[in-house]
Amino acid sequence: MVSLSCLFLTYGLIEGQHFKWSIYIVGILIISVVIFIIFYVQQKLRQKRDPLIPFALFEDRNYTLMNVVGVFFSIGVLGLMLLLSIYFQSILGYDAFRAGLTLVPASLISMCVSPFAGKFSNKIDGKYLVLGLAGLALTLIGMIWVILS
């Protein structure tokens, strides 16, 4: 159900300008919200017996905070990758394949570092990871560097 809701939301946002934000697009976006609300209510009713998402997890402040940070981090990184791809193709004149190859090192580094970062985070107290925010700070510095160059 969440996938269906995201499908309608994405379609509505992508095609909104094309359809001049007509009642059709507003209806699509409302359908997306209604489907998500149905999912939420369904999950709320299933909390006592085998829920897909146990809402009790969100009572833990750290869990909720890290989910929020993860969402914003993902939006930032994925948004940057999209903008870089468009920049490489539109401004620098790369074809789609070359633009994609230019972005490969970032993905490879992330893929190679992830297992070690996971093991490292298990060995130290989580509050030091949250307080340090070194990874987010380095990502911010990298994004600013890319924007300025």
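Predicted model: local features only at pLDDT ≥ 70, side-chain atom pairs only at ≥ 80, totals over all residues.
Trainee: What makes α1 and α2 roughly antiparallel?

Mentor: Set the angle against the cut-off. The axes cross at roughly 160°. Angles over 145 degrees count as roughly antiparallel. Therefore α1 and α2 are roughly antiparallel to each other. Their crossing is left-handed.

Trainee: Which residues of α1 and α2 meet?

Mentor: From α1 come V2, L4, S5, F8, L9, Y11, G12, L13 and E15. From α2 come Y24, I25, I28, L29, I31, S32, I35, F36 and F39. The residues of this contact divide into 14 nonpolar, three polar and one charged.

Trainee: How do you know that E15 is the charged one?

Mentor: Asp, Glu, Lys and Arg count as charged. E15 of α1 is a Glu in the contact list. The count for this contact has one charged residue.

Trainee: S32 is in that list. Why does S32 count as buried?

Mentor: S32 has 4% relative accessibility. Buried means under 20%. So S32 counts as buried. S32 is found in helix α2. Not counting residues up to four places away in sequence, S32 touches S5, F8 and L9.

Trainee: What is the hand of the crossing of α3 and α4, and which residues make the contact?

Mentor: α3 passes α4 in a right-handed crossing. On the α3 side, the contact is made by M81, L84, S85, F88 and Q89. On the α4 side, A96, A99, T102, L103 and A106 take part. These residues divide into seven nonpolar, three polar and no charged.

Trainee: What makes α3 and α6 roughly parallel?

Mentor: Here the partner is helix α6 (residues 134-148). The axes of α3 and α6 cross at roughly 25°. Angles under 35 degrees count as roughly parallel. Therefore α3 and α6 are roughly parallel to each other. The axes come within 12 Å, and α3 passes α6 in a left-handed crossing.

Trainee: Which residues make the contact of α3 with α6?

Mentor: V69, F73, G76, V77, L80 and L84 come from α3. L136, T139, M143 and V146 come from α6. The contact divides into eight nonpolar, two polar and no charged residues.

Trainee: L84 is in this contact and in the one with α4. How do you know that L84 is buried?

Mentor: L84 has a relative accessible area of 13%. The cut-off for buried is under 20%. So L84 is buried. Leaving aside neighbours within four places in sequence, L84 is in contact with L103 and V146.

Trainee: Which residues form the largest nonpolar core?

Mentor: The largest nonpolar core has six residues: L80, L84, F88, A99, L103 and M143. α3 and α4 are the elements that give two or more residues to this core. The largest share, three residues, comes from α3. In soluble globular proteins, nonpolar side chains tend to be buried together.

Trainee: Which phi value makes W21 worth a look?

Mentor: Most residues other than glycine have a negative phi. Phi of W21 is near 50°, a positive value in a residue other than glycine. W21 lies in the loop between α1 and α2.

Trainee: Why is W21 called partly exposed, while D50 is called exposed?

Mentor: W21 has 47% relative accessibility. Exposed means over 50%, and buried means under 20%. W21 falls in between, so W21 counts as partly exposed. D50 has a relative accessible area of 63%, so D50 is exposed.

Trainee: Where is D50, and what is its phi?

Mentor: D50 is in the loop between α2 and α3. Its phi is positive, about 45°, although D50 is not a glycine.

Conventions:
Residues numbered from 1 in each chain as written. Heavy atoms only, no water. Left-handed = near helix turned anticlockwise from the far one by under 90°. Helix = DSSP H or I, 4+ residues; strand = E, 2+ residues; numbered from the N terminus. Contact = heavy atoms within 4.5 Å. Core = buried A, V, L, I, M, F, W, Y, C linked by side-chain atoms within 4.5 Å. Buried < 20%, exposed > 50% of the residue type's maximum accessible area, 1.4 Å probe, protein only. Axes fitted to C-alpha atoms, helices over the stretch in contact; angles between N-to-C directions. Parallel < 35°, antiparallel > 145°, perpendicular 65-115°, else oblique.
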